[in-house]
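Please look at the sequence and the structure below, and keep both in view while you read. The paragraphs that follow walk through some aromatic rings, some charges and a pair of helices.

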Amino acid sequence: RNLTSQLLSPATLLHPLTLWCHQDCQHRMIFSGSNKRVGYCALVLVTIAAISVFLIDCENSSLWSISTTAGNVSEVRNVSSLTSTKLLGGGEKGHEEIDDDEEIALDYFLGPDSKLTVNRTPIQNRTNVEKEILIPCNTTKGSSTLVNATQFWRRKACKIGDAKSVQFFHLGKGGGSTIYFQLLDYHLVFERSHPSPNFDSKLFKGPTTTLIFNIRDPVDRFVSAFNWRSLLYCRDGDKRKPYFKGKSNSRYPPYLYPDKVCLAGNKTEKILLHEEYQSDPNPLAEALCEDSPNFAYASEKVKNIAHARLSLNDWLSFLIDPDIYPAITTTGINKVMAITTEPRVENNNTSLLDWHTQQAIIELYSDSGLSSDQIDDIMKHKPQVNAKSEKKSEMMTLSSISSSTSKLTPPPLRTLGECCLARFFHDDYRLMKTMILDDREENLTSVLPLADVHSLVKTACSWGNDEQRTSCMRDLASMIKRRAEFLDYSRGSCENVVGVVKNVSSPLSSLPSEKVVREAEVDLGTIYYNQTTGGK
């Protein structure tokens, strides 16, 4: 058995070049007497053998079988041809073909006394044949080849999809970085809009046909954006290296290395976060209540905070505004995909963002023309996480936290600020309600869907399998339920909802009016900070 196994190994079978080299080595050994030449021939032979073993997995091949008899050894084994230009069994009649040279090679290596029998059974009649699944490897340079799944992952140049047809609206502080890196990691090509949307003609007239966007609870996203931007800016006595755009340390931007680098400069955003609001989101959040005397002032200040300045409605305004969306033609966008992140109770308060992203990858693979077998094979052969991927994961984690890398822990959001923010982003919750097709969900009656929107809005969760669709809508429903009591305007103002009595429990009520602040050029954040801390 071992003898036949060696005789039929891919290192010695079915390659005329191997036969020629073996004969040439024999010839040189007999007639030339040159050890150098013999060594050279032996080296070539060993190289061919090594390449053969690397390219062919003989144990997994089921293309054709050979029955041999050499002495008293009898064996039947599956082997593969080293001929790379054809697949055995791929003929028009479905029968296997063996070249004359290959039979000569077998004859030579097995010896003149051995018997060779080739099984030429039609390949479609065999039940144990496993065909290799080939995947198109398209490059950005326009070339295209067919490769197997292992080769697909090894070749970074292999891309899936058309970059011009897919647009990703990356909403800041909503899990967008996780989605972005995973899409790239799976060799998908697309265009990304970040930190603001790109409403160009491609969305209306093509070639963009698919829009992906991420959704996170608006209140959570606002607080995350406030704390994140506050963390990024350098403080007095900060031990992190200051970041200057275009300087030598520009390779290490703060948003990737917030524990080592901080944003330098005296920008408006930094003054707002560090000085006016003392890195505390509560004063700003509570000033965003509609009945707050500082509502207009605070609303303008929100526009100065990156990732918080644009709401979900702002990002999807071209699908909401009836004066705009009629411009979308039949060749423009025709599919929207919402990827949600929400820590639901039934999921142990963890988000299914990674799972949703995987489902989006499968959907995009399918849209690009890959079959289910091809998709399964790609997923099955996905390499394990390497050091580079771990670094990406670390960066995504840093981007999704508020200040765990900083000694300055931001204060938690108070209930009053939560209520004020929920009402400030009321239209976002209405937009999410519009995306939920099942109106039988409980505790959603306080939020009404938006009227007169583009029909695509209602299909934001209508992609993927049934489990994906249900999970997407449950995530949206969970976001609304968490803020349902605050979004019920029949209960009165936020002070009434949370039990805050004006001029007694709320320090916000004693703040000067917007007019007084502007006339006296008084810093609202400093006033609030001094009132609540005694100026210490």
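This is a predicted model: local features need pLDDT of at least 70, side-chain atom pairs count only at pLDDT 80 or more; totals for chains, interfaces and linings use all residues.

Residues are numbered from 1 along each chain as its sequence is written, and side-chain values use heavy atoms, with hydrogens and water left out.

A pair of aromatic rings is described by the distance of the centres and the angle of the planes. Rings of Phe, Tyr and Trp (its six-membered ring) pair if their centres lie within 6.5 Å, and planes under 30 degrees apart count as stacked, over 60 as edge-to-face and the rest as tilted. With this rule, a search of the whole structure finds 14 aromatic pairs. In one of them, F169 and F318, the ring centres are 6.3 Å apart and the planes stand at 65°, so the pair is edge-to-face. Because F169 lies in strand β6 (residues 166-169) and F318 in helix α13 (residues 317-320), the pair ties together parts that are 149 residues apart in sequence; helices (H or I, at least four residues) and strands (E, at least two) are DSSP runs, numbered from the N terminus. F169 is buried, with a relative accessible area of 0%, and F318 is buried as well, at 1%.

F295 returns here, since F295 and F424 form an edge-to-face aromatic pair, with 6.2 Å from centre to centre and 70° between the planes. This pair links distant parts of the chain, with F295 in helix α11 (residues 295-302) and F424 in helix α17 (residues 415-424), 129 residues apart. F424 is partly exposed, with a relative accessible area of 27%.

The charged end of K382 sits over the ring of W153, 5.0 Å from its centre, where sitting over a ring requires NZ of Lys or CZ of Arg within 6 Å of the ring centre and within 35 degrees of the ring normal. R423 likewise lies over the face of Y489, at 4.4 Å from the ring centre.

Finally, turn to two helices. The axes of helix α14 (residues 353-367) and helix α19 (residues 466-482) come within 11 Å and cross at roughly 135°, the axes being lines fitted to C-alpha atoms over the stretch in contact, with angles from 0 to 180 degrees between N-to-C directions. α14 and α19 are therefore oblique to each other, as angles under 35 degrees count as roughly parallel, over 145 as roughly antiparallel, 65 to 115 as roughly perpendicular and the rest as oblique.

Conventions: Buried means under 20% relative accessible area, exposed over 50%, partly exposed in between (1.4 Å probe, protein chains only).
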